[in-house]
Amino acid sequence: MLKKLLVFILVFLPLWIVAQSCPRILSPVPGSTDVPVDATIRWQEIIGVPSYNISIGTTPGGNDIINNVPVGTNTSFKPPFGLPEDTEIFVTITLFFFNNPDDNIICPSISFRTEDVTTPPNCTQLFLPENGDNDVNFRTNLRWNLAPGATSYLLRIGTTPNGSEILPETNVGNTLRYDPPNDLPINSEIFVQITPLNENGQALNCTVESFRTTVVAQSLNCTRLTFPIDGATNVPLTPLLRWEEVPGATGYRVTIGTTPGGSEIVSERVFRTNSTFVINFEPNTLLFMTIVPFNDFVEATDCNMESFSTAIGCGPFFDPSVGDFVSFFPELDFPESFTLCENSEPLNLSTSTLAETYRWARVTSQGSEIELLSETTEVQISEGGVYRLDVTDFINANGDIIPCTSSQMFTVNVTPGPTINSVDVERVGDNLTLTVNVSGSGVYDYSLNDINGPYQSSNVFTNVPRGNNIVYVRDTSLDGCTLAIDVSQDLVSEGFPKFFTPNGDGINDFWRFELPPNAEEVQFASISIFDKFGRLLFQMLQSSEGWNGTFDGRPLPSSDYWFRAVDTDNRVFQGHFTLKR
């Protein structure tokens with residue numbers, strides 16, 4: 001039974017992958033009839049697929065009309081010579097992957113039937129040269145637009161409106177161009193008539209068009225890429241593009257796009273040499289490039305478009321070997337907001353994302369960096385605002401080291417929290433009664449020795465064992481601030497004052513530790529005081545008179561300060577207090 005199941009999976013999984021990956025043909029609708037012979041074929045975009053190839057034929061998978069033409073990231077294609085009439089047409093889309101052509105996915109063919117054309121076609125027009133052009137190269141070729149429904153074209157060329165001495169009326173077939181075998185007369189007006197036709201007859205009264213030739217000092221040949229060569233794959237993202245030098249050319253017009261004829265990357269940019277650097281091509285992209293040599297008198301004509309594909313980058317891109325999308329970006333799952341409560345310790349945040357580098361920063365609401373906070377997996381945040389976490393892995397894309405960065409902006413909101421003013425300790429027999437005195441506008445509950453509770457609404461704990469006890473207070477009225485503002489107190493910590501007033505009146509002029517009643521005996525090896533930036537301000541022994549609120553002889557301003565005390569058992573007691581003036 002297991003062996004049969006494995007065979008089933010091996011046989012049918014690739015079909016499942018194809019079914020999930022292939023785009024849906026949007027128009028013409030599969031199975032439709034009476035489709036116009038000049039129809040444009042459109043399909044659904046598949047995110048992550050770098051390029052599509054299209055074949056069109058008269059049999060399933062056939063290519064007798066269009067043979068596996070690359071269209072880049074285009075999701076539409078218009079057959080340049082139209083489609084045959086009253087014929088079942090089969091369209092096959094191939095998902096093309098540059099890194100391994102063996103992984104290309106040939107999608108199942110869809111079909112539709114074209115209309116039965118019952119009338120002659122309409123006339124067409126020259127577009128190279130255009131009607132009325134002057135100073136046309138006497139070695140030019142002729143091009144014209146498609147006449148929908150035409151199956152061939154009659155062409156006549158002469159030096160008078162009805163003349164045919166250059167080319168008598170000739171059926172040139174189902175083509176949209178003609179290359180005269182000989183040079184055209186120089187400094188002459190050339191007259192051209194193009195008449196489309198089909199089985200129903202020919203177009204009527206088509207206009208005779210004309211242009212005037214001129215003396216051209218020379219003609220220029222086209223060039224071709226030498227790096228990358230036409231059809232190259234895995235091209236670096238910052239390449240030095242090079243092409244053959246053309247004798248007589250003083251410059252080259254370069255066009256680059258992601259679709260045939262596209263120019264969104266470079267549009268007829270003039271270069272005076274036969275090479276140029278390009279910075280940061282998009283990865284995993286099929287690029288189409290046309291180079292036209294020129295000089296002061298002429299430019300090359302009919303230069304072929306070439307194509308190449310860039311190296312795979314961060315993604316996401318479709319990996320046909322697994323039938324899913326692949327990304328080299330680190331997987332970052334991090335909350336969008338946190339709550340920081342007043343009178344609480346700073347937030348200690350961390351990420352479990354595995355990456356090569358980390359960057360925590362305070363940023364503007366638009367994402368501009370204000371301050372770098374940490375370059376580790378952890379950060380401490382003590383004030384509200386907008387922050388961003390960036391995690392980055394690096395990949396080698398054919399010699400280019402590419403950073404793949406995932407980012408998450410998050411907000412830290414500050415909300416009022418409870419303030420523990422004191423914990424009253426009363427000894428009752430061998431146990432204690434603790435009364436927690438809290439101020440604040442919220443509704444609070446309390447827990448003893450466990451941050452996770454259970455919590456009680458009363459601020460009094462009875463029958464508490466003697467020793468080191470911790471009280472937790474949480475605000476139940478503030479959403480999101482319940483456990484984030486936990487504040488702990490123990491009997492020893494009660495000996496560190498919450499504030500002092502060094503104003504010389506003899507009351508609370510010094511900040512020092514005093515052992516609370518009923519607390520265990522403790523001996524501190526050192527007591528250190530810091531400002532909010534972590535700068536050490538003062539160190540003292542437990543027996544000293546305390547700190548008077550100065551640094552280098554200068555009084556410090558009213559603010560919160562931090563202490564850290566280490567006892568002889570290496571236990572650490574730390575917290576903050578207020579200097580009031």
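Predicted model: local features only at pLDDT ≥ 70, side-chain atom pairs only at ≥ 80, totals over all residues.
Me: Is serine 447 buried or exposed, and which residues does serine 447 touch?
Reply: Buried means under 20% relative accessible area, so serine 447, with a relative accessibility of 0%, counts as buried. Leaving aside residues up to four places away in sequence, serine 447 touches Gly453, Pro454, Tyr455, Phe461, Ile470, Val471 and Tyr472. The side chain of serine 447 also reaches the backbone oxygen of aspartate 450, at 2.6 Å.

Me: How should I read the two faces of a strand, and what covers the faces of strand 24?
Reply: In a regular strand, side chains alternate between the two faces of the sheet. In strand 24 (residues 306–309), Glu306 and Phe308 are on one side while Ser307 and Ser309 are on the other, and all of these residues are buried, with both faces covered.

Me: Which strands stand at the edges of the three-strand sheet, and why is one side of each left without a neighbour?
Reply: This open sheet has the order 18-19-22, with antiparallel pairing. Strand 18 (225–227) and strand 22 (275–277) stand at the edges, and because each has a single partner strand, one side of each is left without a neighbour in the sheet. Strand 19 (residues 240–243) is joined to strand 22 by three bridges, and arginine 242 stands opposite serine 275 in strand 22.

Me: Which residues touch the most other members of the largest nonpolar core?
Reply: Of the 24 residues in that core, Trp43, Tyr52, Ile54, Ile56, Val91, Ile93 and Leu95 touch the most other members. The elements giving two or more residues to this core are strand 2 (41–43), strand 3 (51–57), strand 4 (66–72), strand 6 (88–96) and strand 8 (110–113), and strand 6 gives the most, with four residues.

Me: How many salt bridges does the structure hold, and what does a pair look like when its members are distant in the chain?
Reply: Side chains of opposite charge can pair when their charged atoms come close. The structure holds 15 salt bridges. One of them joins aspartate 302 to arginine 143, the closest N and O atoms being 1.9 Å apart; the pair links distant parts of the chain, with aspartate 302 in the loop between strand 23 and strand 24 and arginine 143 in strand 11 (residues 142–144), 159 residues apart. Aspartate 302 counts as partly exposed at 23% relative accessibility, and arginine 143 counts as partly exposed at 22%.

Me: Are arginine 388 and aspartate 390 buried or exposed?
Reply: Both arginine 388 and aspartate 390 are buried. They form a salt bridge in which the closest N and O atoms are 3.1 Å apart, and Arg359, Glu369, Glu375, Arg388 and Asp390 are linked in a network of salt bridges.

Methods: Residues numbered from 1 in each chain as written. Heavy atoms only, no water. Buried < 20%, exposed > 50% of the residue type's maximum accessible area, 1.4 Å probe, protein only. Polar contact = N/O pair within 3.5 Å; in protein donor to acceptor, adjacent residues only side chain to side chain. Contact = heavy atoms within 4.5 Å. Pairing = 2+ DSSP bridges. Core = buried A, V, L, I, M, F, W, Y, C linked by side-chain atoms within 4.5 Å. Salt bridge = Lys/Arg side-chain N within 4 Å of Asp/Glu carboxyl O.
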